[in-house]
Amino acid sequence: VNDLLSRSTRQLAETLASDEGALTLARMQRLALAAARVPPAERPDGGLRLGIWDPIARDDGAIEFARAADTSGEWRYWADIDRIPRKIGPRVVLVGESVARAYLFDPAVTLAGMLQQSLGVEVVDLARTDLVAPQLPPLFDALPALEPDAVVLFAGNNWSSVLLELEDLDTLSRAIREGGFTRCRAMFVDTLIRGRARATLEQIADRLENTPLVVVVPEFNLLDWRSEPGVVVPVVADVERWLALAAERRAAEMIAIDDGASPVSQQIAAAQALERNDVAEARQHLEAARDALCGLMVSHSPRCPRVVQDELRAAADRPGVRLVDLPRLFGPLPDRHLFLDYCHLTGEGLQRATAAIADALAPILNVAPGVPAETEPRIAARAHLLAAVHNAHYGQPAEIVGYHARRANQLDPGIRGLMAAVAEMVCRNVQPWLTRAWEVLRTEPQVWRYLGAPEIQRAPRVVDVALADALAEAADLGGLVDQLLVEESASIPLDLLAPRHRAATFREAVGQGIGPQLGFVRVTAPTSRFLVVRPVAQELTGRITLRASGRVSVIVNDVRVAEIPGQADWETCQVRLPLTAGRNVVELRWPPPAAEIEPALERAARRMERALYPEPLAAFGELHGFTAS
Amino acid sequence: MAGPVIVGLAAHFHDAACCLLVGGTLVAAAQEERFTRVKHDPSLPRNAFRWCLARGGMTIADIDCLAWYEDPVAKLDRQLWMGLPYVPPSGAQFLFRLDAARPEREIRELLGWDGRIEFVAHHLAHAASAYDFSGFPDAAVLTVDAVGEWTTMSYGRGRGADLDLFEEVRFPHSLGLFYSAITAYLGFDVNDAEYKVMGLAPYGRPRYVDQVRTLIEELPGGQFRLNLSYFDFLTGTRMFSDELCRLFGSAPRRPETEVDDFTRDVARSTQVVLEEILLDKARWLHERVRAPRLCMAGGVALNCVAIGRLLREGPFEEIFVQPAASDAGAALGAATVAHRRLTGWAPPAKRLSHVFLGPAYSADDVAALFRGSNARTRSYMNDEELVEHVAERLADGRVIGWFNGAMEFGPRALGARSILADPRHPGMRDRINALVKKREAFRPFAPAVLEECARDYFELGHAAPFMVETCQVRSSLDLPAVTHVDGSARPQTVSATTSPRFHALLRAFERRTGCPILLNTSFNQRGEPIVCTPMDALACFVRNDLDCLVLERTVLDRQDIPVAWAETLRTTGPPGAGVSSSVYTLL
């Protein structure tokens, strides 16, 4: 019997050794699991822990909550308070995401604090940065212990991140095969994001019973937020034509090809609508640009897509639920005056949101809310400085980065030293904590909360020159940036594929996809840019190893210096790079992506079937090496 | 160097690694964990791959062949067998992991390689990694690990260009899994902490040898059989069964709890039985092959206590253990086997003289680290001044982070990424374990000794540059920090040829103290891979209680670091969570 078993498994292994065989095995496993699917487990007992706070019984039997030591790694995501005391009067609980934390103002200013000041009623701050939908039901499970008179739910920006179930893999892989990434995206948004949002809201309603709820619908910085430059267009048929249309700004035809899965075409359409003063159409396209990346399985900043906004509005139809609809409150084209970045609010934005939420709570609490206080200029200045950093790290245009830097300086001219420190920190090649500037940052709690975060300490060093320039201009730092860049210019040979030369954002450093990282650079935009700083003018030899579907142009400081034929196999070419003293921009201009998309879609569908994220963006070329010596 | 350019790869289980073989010469090798900072990182070594090519001055377009350290079809065969009677098994541990195409697919998709791939059976890769780098013209070959495809132990012979494996022990009967199961039972992480059991063993008494022997039935020739009623690794959910607990009359030790006499005694008993079996099988292999030398690889070959005993009591005159004997090193063997297949010739038979095959950093790289800071560093123009300065600190009882030249390949720090201290200091071991490495108090440290003086202090009849064996200390000096409880040590002999700066430091320390020996342990803290870059070293230095950091010729004392550094890193551990677990997945 043993011999028979061994022979049989060997035969089977040989039969199934191919990619096709692996897929067959994966499908059989999914089938077996689907057939044996057991009903969902009973609601797990999450205990009474409220986020990072554990219940503590007082001598008089009352319950307080205290921060649990074993959650210390999470403390900085939540309100900076040690204890939530027993209830002594009317109490509102605020549950939400980073917007509800007043991100970039927190801990100096919080939305809960502003609400409390306006209402004159205790507001318990249970908002958490990075809160995702599955974390909400357990939080609401524990809410009765706080005995809230009302609850505010200000969430939805993080609900596009969906944990995929086994059956979703089948749905999405079929969608890719049938209609490519555009179909898959639509399916993801309409089925998964909407479905999960609805389920989350139902679970919250079940848990709240008779406690009044105020639902806040988040809004997006529609006018002033752009997708990262490395996110252009997904793998679609006729991508070459799409690019040609893009060059001529023929948005409608582009959208007909990308089916709403590119923010670029929608941005062009919105700009054209604005030129016609058609605000309604512009808003429609800007919303579509916001939603284009949801469900596309690429990295993007948080946002609340239309389907989630609709579900939040629908949740307000239930008895006892009131609605604060920020999209309606903020007008048709919200911009930098209300938003620090994609979704986080400025001082003005916070004030208007606070006033609206307070108005919704007032009849429940039977209070007359006061006008929310303006944020102090010193605090707002630091929020704008942080916004400049944050916008730069998402690849936003220099103009908007500069706006926030200037605003910071206008609000508090005393911030100049801090701006100089940030500029120095980003110009240095080393990790920020090694710089003298770091010591300045540590004296600023509001700034430290964000720039001192472990993620920032460990983040790859990227090309932060746009940020440094913006800060230098706003704070009149003279030639500091160029001086530092030259001081930090590396000795040859240079590895131009290092993020410090080629990536303006953290996502560019690791790739825009959310699947496994690659051992080479997949280029998802028509042009790759490299910053090369030299102390003196010199001609270096570039050694480029690449794959492309056609000719690749090499440009140095706007001058074409070489053409590389480009081919399907890796090839290594040498080009001369005449570099000036100081900053140089080397560009590789790529041909359109290869036209044949069926193999790419089949590969993607197979990845999806195995629970691996595919690469949805069209690749203009691939780089394995780029050195200069 | 003429000849094919071959990249060897190991990944998808633990300790992913990559090496570059050019014309049969090993040019570069590195483990992926050093770049990602995830201990034992099993993911495809994309960083190590890029670095190896850069080190060799190559691009991907220059490669002739990639060699993979495993036969995916044979592995799938074993996985399907493990899941019987379910075909295919669908438990969580199996889901989407029955995938013989994965290595090739990931090599194509993630590394971008579209050329030739050679798949090399796992134990053949281990065997070649030992024999091809031993420099022996004729040798017996023994590989021992947990499992590779079906094989858990193989016996062979290398003669000239030929390497032949003639017998194997097949899964599930495995010395590696036997030792790992006890490791798990004793509350340590498998696939990571087996060396803790080995280090703990001398503290115990062999009171449970009879019980441990019931776990393994010795069979004639090269074979043995596990008594599977005591093991549970076939399910993929845990390593040992309740029957094992009954056998020892005790529940498994809970991780991170106190280590008691029972734990020590079981560790000792397990080590004794492992050594007995290895000795027995080595004798049988010697009878079969009749060669005076032995080459070894596979994770069990990292059990340096067993290797020491094999040397002392076994039939072989000389043993070469491939210094990266676990899976990482199999990348080397995969590459040399591929070289044979491409050329019809074996790589040049040269003894591996060092493992400084990883990234190195220049004085400029180090200077750049401090350019924008308030740290007060001191740089030396030559090695002579540097080593005098460092030796003075060591003699004063300081603990030094020593970053010197190209990083080691394999698990041992051998003077390139090392923490060094005075071995004569009575409290040094406890201090480094507790405050620097932040690990268990029983863990021993190894000595590094001038090669030319080694015989004066250790029962060692040959150069031992890789710390792969233990021997007895026979020193006139008292060396409490590097002498284990049983009087043994795991010395590294340091040669002026392969480690000139480290050798000079030992010599300078000897001039000051009369002791040509230093405590040498890996430059990392618990749960963290050994440091790779100057930045990693600096962060590790700041986080831990090291007194002084030496980055090439730049020296930084603890009192000279800005307060902000320590306060920044105080609240953050090293990045990366590691991949240790309580069970081998075997998948």
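This is a predicted model: local features need pLDDT of at least 70, side-chain atom pairs count only at pLDDT 80 or more; totals for chains, interfaces and linings use all residues.
**Chain B as a whole.** Begin by selecting chain B and displaying its C-alpha trace, which spans about 65 × 60 × 50 Å along its principal axes. The radius of gyration of chain B is 23 Å, which agrees with the value near 25 Å that a compact globule of 587 residues would have. Switching to a cartoon view brings up 19 helices and 22 strands in chain B. With contacts drawn between residues of chain B at least 6 apart in sequence, 71% of them join residues at least 24 apart.

**The surface of chain B.** Next, show the accessible surface of chain B, about 19400 Å², of which carbon and sulfur atoms supply 48%. Of the 587 residues in this chain, 65% count as buried. Then colour the charged side chains: chain B carries 64 positive and 73 negative ones, and the centres of these two sets lie 2 Å apart.

**The largest nonpolar core.** Now select A:L361, A:W433, B:F458, B:L505, B:L538 and B:W565, the residues with the most contacts inside the largest nonpolar core, a set of 163 residues. Helix α14 of chain A, residues 377-393, contributes the largest share of this core, 10 residues. Centre the view on A:L361. Leaving aside residues up to four places away in sequence, A:L361 touches A:V92, A:L115, A:L119, A:A150, A:V152 and A:V214.

**A second core.** Finally, select B:F13, B:A17, B:I277 and B:M467, which are among the 160 residues of a second, separate core. In soluble globular proteins, nonpolar side chains tend to be buried together.

Conventions: Residues are numbered from 1 along each chain as its sequence is written. Chains are lettered from A and ligands numbered from 1 in the order in which they are written. Side-chain values use heavy atoms; hydrogens and water are left out. Helices (H or I, at least four residues) and strands (E, at least two) are DSSP runs, numbered from the N terminus. The radius of gyration is taken over C-alpha atoms; the globule rule is 2.2 Å times the number of residues to the power 0.38. Buried means under 20% relative accessible area, exposed over 50%, partly exposed in between (1.4 Å probe, protein chains only). Contact means heavy atoms within 4.5 Å. Accessible areas come from the Shrake-Rupley method with a 1.4 Å probe; for residues, only the protein chains shown count as cover. Lys and Arg count as positive and Asp and Glu as negative; His and the chain ends are not counted. The place of a charge is taken as NZ of Lys, CZ of Arg, CG of Asp or CD of Glu. A nonpolar core is a set of buried Ala, Val, Leu, Ile, Met, Phe, Trp, Tyr and Cys residues joined through side-chain atoms within 4.5 Å.
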